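Have a look at it before reading on.

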Amino acid sequence: MLKTAPLFLKSFFALACLAAMLTAFFILATTSTSYAQSQGDSTVKPLGEILNPKPKDYDENTKSKERGNIYYKKCMQSESLAFDEEEKTLLCACTAAKIPEVLTGPEFAELYKDTEAGRNARMKAMTYAYTDCMDQAVSDKVYKDCLYGKELDGIIYGKKNICRCVAKEYNDLLIIAAPDFFMDAIKYDPMTLNPLERHFISETYFYNLKRYSKACRARLLYEKSN
């Protein structure tokens, strides 16, 4: 029946599936991390490994390392309007290190192709590799954008504390909103492997940055005066 359905219905169905997967991932990621911390268990497996166990024939040979190297080179060669070179390197290097654990050889061969297998490979890479790496890059970006933003003009002391607060607030937002950011990016560019790129050049980002900067500034001033 799907084969005869209009193309927009197929696209809608695929995007709905991705939204459900990404939402489930962030809920599980938050839950598993909280549980591990509450139990003081430092041996808990990463969520990506639990949800996506390595196949029995998985190997750690040179070919798997080559997949990571290829991903890293392509990632660094891609233009980014949102992330500076340092932030981009963090994302690319971390994701590249996880790619061999996430994608098999045949899956990686489809990663850069505009095919159904390629879409599945990109979804898997973003869900199980990219999401594990975005926290540090996002924190660095938000912190720097906050530190040099106009919202904190006139503040001499306490800027760093305010911007640490803003970075934390934004990472908390990502746990909830990242699936929506990812969906928006994929609709705009189905070939993307950096789904947060679009969000961080959007008006929504700069609005949130301004809102969190004001909120954190007010909170810290209140704490200082009390």
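This is a predicted model: local features need pLDDT of at least 70, side-chain atom pairs count only at pLDDT 80 or more; totals for chains, interfaces and linings use all residues.

Residues are numbered from 1 along each chain as its sequence is written, and side-chain values use heavy atoms, with hydrogens and water left out.

## The overall build

Let's start with the big picture: the protein has nine helices and zero strands. Helices here are DSSP runs of H or I with at least four residues, strands are E runs of at least two, and both are numbered from the N terminus. Read from the N terminus, the order is simply α-α-α-α-α-α-α-α-α.

The protein has 226 residues, and 38% of them count as buried. Buried means under 20% relative accessible area, exposed means over 50%, and partly exposed is in between (1.4 Å probe, protein chains only). Now take the contacts between residues at least 6 apart in sequence: 69% of them join residues at least 24 apart. A contact means heavy atoms within 4.5 Å.

## The disulfides

How many disulfides does the protein have? The count comes to four, where a disulfide is a pair of cysteine sulfur atoms within 2.5 Å. In general terms, a disulfide is a covalent bond between the sulfur atoms of two cysteines. If you count the bonded cysteines along the chain, the pattern is 1-2, 3-4, 5-6, 7-8.

Here are some of these links, with the S to S distance and the torsion about the S-S bond:

| Disulfide | S to S distance | S-S torsion |
|---|---|---|
| C75 to C92 | 2.0 Å | about -75 degrees |
| C94 to C133 | 2.0 Å | about -75 degrees |
| C146 to C163 | 2.2 Å | -80 degrees |

Take C75 and C92 to begin with. The torsion is about -75 degrees, so this disulfide is left-handed. C75 sits in helix α3 (residues 62-77) and C92 in helix α4 (residues 85-102), so the pair ties together parts that are 17 residues apart in sequence. Both C75 and C92 are buried.

Next come C94 and C133, whose disulfide is left-handed too, with a torsion of about -75 degrees. This pair links distant parts of the chain, with C94 in helix α4 and C133 in helix α6, 39 residues apart. C94 is partly exposed, at a relative accessible area of 25%, whereas C133 is buried at 5%.

Then there are C146 and C163, another left-handed link. C146 belongs to helix α6 and C163 to helix α7, so the pair ties together parts that are 17 residues apart in sequence. C146 counts as buried at 2% relative accessibility, and C163 counts as buried at 0%.

## Two helix pairs

Two packed helices are described by the angle between their axes and the distance between the axes. Axes are lines fitted to C-alpha atoms, for helices over the stretch in contact, and angles run from 0 to 180 degrees between N-to-C directions.

How do α6 and α7 pack? Helix α6 (residues 116-147) and helix α7 (residues 159-188) meet at an angle of about 140 degrees, with axes 8 Å apart. That makes α6 oblique to α7. Angles under 35 degrees count as roughly parallel, over 145 as roughly antiparallel, 65 to 115 as roughly perpendicular, and the rest as oblique. The crossing of α6 and α7 is right-handed; a crossing gets that name if the near helix is turned clockwise from the far one by less than a right angle, and is left-handed if anticlockwise.

On the α6 side, the contact includes M126, Y130 and C146, and on the α7 side C163, Y170 and F182 are among the residues. By class, this contact has 16 nonpolar, three polar and four charged residues. Ala, Val, Leu, Ile, Met, Phe, Trp, Tyr, Cys and Pro count as nonpolar, Asp, Glu, Lys and Arg as charged, and the others, Gly among them, as polar.

The other pair is α4 and α6, which pack at about 160 degrees with their axes 8 Å apart. They are therefore roughly antiparallel to each other, and their crossing is right-handed. The contact of α4 with α6 has 12 nonpolar, two polar and eight charged residues.

## One proline in a loop

Finally, look for P195 in the loop between α7 and α8 (196-199). Is P195 buried or exposed? P195 is buried, with a relative accessible area of 0%. P195 touches M126, Y130, F181, F182 and A185, leaving out residues up to four places away in sequence. The C-alpha atoms of P195 and A185 are 5.2 Å apart, although the two residues are separated by 10 residues along the chain.
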